Amino acid sequence: MAAAPAGRRFDWILRSVISAFAVGWIFAIATATPEQSAALRSRISANPLSPSSPPPNAYLLDAALREIASKSDYAGISGEVRVVVRAPGDTLQQPDSLPPDVSIGYSPAGPDSAAPGTVQTSPETPGVWNMLLRMRDGIRVVPQMKVITLVPLSEKRKGRIGSYLIGSWPNETGKPKSPQYAPPRGLVRVTPQNQDIMVSEHFRLRDFLTKGQANVWPKYVAMSPRLLDKLELTIQELERSGQPVEHIGIISGFRTPSYNEGGGNTAGRGALSRHMYGDAMDWYIDNDRDGRMDDLNGDGRHDKKDPGVIGAAAERVERAHPELVGGIGLYSPTGAHGGFIHIDTRGFRARW
């Protein structure tokens with residue numbers, strides 16, 4: 001006869017435990033942001049009594065991770081920019097959409113870092129950093145996103161940083177003709193270890209390296225995330241119109257002032273070339289990987305009309321996003337190279 005009361009007590013305790021879990025779930029969903037609520041609802045069918053079931057704060061951290069990974073503040077309008085570039089001392093703004101108990105941290109990325117594994121609240125040392133999200137005792141690395149802290153231009157001595165020859169920008173010590181022609185605030189330090197970092201969906205850090213000085217390391221480049229965004233939007237527009245982009249060839253990314261003035265064939269280079277400011281790239285589509293621009297318009301010839309296909313896509317991008325306005329230049333094939341296109345984000349319209 002004593003077994004029945006004991007069984008009822010067990011049932012009462014079990015119902016109380018289940019009720020407590022239910023109340024906790026309802027409260028978490030009711031107080032979460034829309035993104036957090038979606039993350040919780042997607043897991044609500046999981047067994048809360050399972051030993052492997054993660055705590056609710058892990059769900060919220062995962063939801064915050066997805067939010068920041070797609071945030072246009074970092075990934076650009078295209079959603080495909082993978083770096084945030086900042087000068088030492090700049091504050092990296094935390095998106096308002098993140099929950100108040102989630103914070104952003106940073107850890108050194110790559111073997112050239114001084115203290116691997118160290119988490120910092122502000123990455124002051126020049127280099128490449130992982131972006132982290134922290135919530136209580138949980139830490140997540142933001143996938144496919146790096147923070148690059150620049151080397152100040154004040155590190156330059158007699159036109160060099162270390163052994164790497166850079167030269168001097170026009171009006172470096174005077175007043176530029178407009179803010180677009182002010183010297184860069186700093187440069188990205190490129191090493192053999194970090195040169196293959198993807199800075200966007202289709203471009204690597206090494207795609208911006210100036211030609212020459214092959215055996216001098218580290219190297220230094222200026223690089224604009226706004227340019228990366230415009231390039232990726234142009235590629236998206238091409239693919240939307242039925243032109244696949246499977247492989248890209250690079251003619252020229254960043255040019256040091258020294259190289260722009262006297263390196264290689266200087267024909268056609270402007271004294272104020274946007275390549276010196278890190279917001280220009282000369283490139284082409286090379287899906288067949290023969291080292292030359294493909295026959296993009298399908299007329300059986302290789303001529304200026306092929307980069308014109310890319311130019312038309314870039315024009316559509318500028319109309320949709322005037323904040324990315326800049327230069328679009330089309331180049332015919334020559335003996336030295338196939339045709340290519342120049343795209344930049346100088347801030348005003350230029351065509352040639």
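**Entry 1: Asp344**

I looked up Asp344 and found it in strand S13, which spans residues 340-344; the model I am reading is a predicted one.

Next I checked the polar surroundings of the Asp344 side chain. One of its polar atoms lies 2.6 Å from the backbone nitrogen of Gly327, and I also noted a polar contact of 2.7 Å between the side chains of Asp344 and Arg346. Leaving out residues up to four places away in sequence, I listed what Asp344 touches: Leu227, Lys230, Arg274, Asp279, Ala280, Leu324, Val325, Gly326, Gly327 and Trp352.

**Entry 2: the sheet that holds S13**

I wanted to know in which order the strands of this sheet follow one another. The sheet is open, has five strands in the order S10-S11-S13-S12-S14, and its pairing is mixed. At the edges I find strand S10 (248-252) and strand S14 (350-351), each with a single partner strand, so one side of each has no neighbour in the sheet.

Helix H5, residues 225-240, packs on this sheet and touches S10, S11, strand S12 (327-331) and S13, while its direction makes about 25 degrees with that of S11. For the pairing of S11 (residues 280-285) with S13, I noted that the two strands run antiparallel and are joined by four bridges. Within that pairing, Met281 stands opposite Ile343 in S13.

**Entry 3: H5 and H7**

I turned to helix H7, residues 305-320, which lies across S11, S12, S13 and S14 and runs at about 170 degrees to S12. Two packed helices are described by the angle between their axes and the distance between those axes, and I looked up both values for this pair. The axes of H5 and H7 come within 8 Å and cross at roughly 115 degrees. That angle makes H5 roughly perpendicular to H7, and the crossing in which H5 passes H7 is right-handed.

Which residues meet where H5 and H7 come together? From H5 I wrote down Lys230, Leu233, Thr234, Glu237 and Leu238, and these meet Val309, Ile310, Ala313, Ala314, Arg316, Val317 and Glu318 in H7. Lys230 had already come up in my first entry, among the residues that Asp344 touches.

**Entry 4: the four-stranded sheet**

I then went to an open sheet of four strands, which has the order S1-S4-S3-S2 and, again, mixed pairing. Strand S1 (83-86) and strand S2 (103-108) stand at its edges with a single partner strand each, so one side of each is left without a neighbour in the sheet. From one strand to the next, the twist averages 40 degrees.

I compared the entries for two pairings in this sheet. S1 and S4 pair in the parallel sense over four bridges, with Val84 opposite Val147 in S4. Strand S3 (residues 127-135) and strand S4 (residues 138-149), by contrast, run antiparallel and are joined by eight bridges, with Leu133 opposite Arg140 in S4. S3 and S4 form a hairpin with two residues between them, and in that turn Arg136 has a positive phi of about 55 degrees.

**Entry 5: backbone exceptions**

Where does Lys158, with its phi near 50 degrees, lie? I found Lys158 in the loop between strand S5 (151-152) and strand S6 (160-161), and its phi is positive although the residue is not a glycine. Lys158 is exposed, with a relative accessible area of 87%.

Gln213 also has a positive phi, of about 50 degrees, without being a glycine. I located Gln213 in the loop between S8 and S9, where at 26% relative accessibility it counts as partly exposed.

The loop between strand S8 (186-190) and strand S9 (219-221) is also the place of Pro218. The peptide bond from Trp217 to Pro218 is cis, and I noted an omega near -5 degrees for it.

Definitions and conventions
Residues are numbered from 1 along each chain as its sequence is written. This is a predicted model: local features need pLDDT of at least 70, side-chain atom pairs count only at pLDDT 80 or more; totals for chains, interfaces and linings use all residues. Side-chain values use heavy atoms; hydrogens and water are left out. A polar contact is a pair of N or O atoms within 3.5 Å; within protein, one must be able to donate a hydrogen and the other to accept it, and residues adjacent in sequence count only if both atoms are side-chain atoms. Contact means heavy atoms within 4.5 Å. Two strands pair if DSSP finds at least two bridges between them. Axes are lines fitted to C-alpha atoms, for helices over the stretch in contact, and angles run from 0 to 180 degrees between N-to-C directions. Angles under 35 degrees count as roughly parallel, over 145 as roughly antiparallel, 65 to 115 as roughly perpendicular and the rest as oblique. A crossing is left-handed if the near helix is turned anticlockwise from the far one by less than a right angle, and right-handed if clockwise. Buried means under 20% relative accessible area, exposed over 50%, partly exposed in between (1.4 Å probe, protein chains only).
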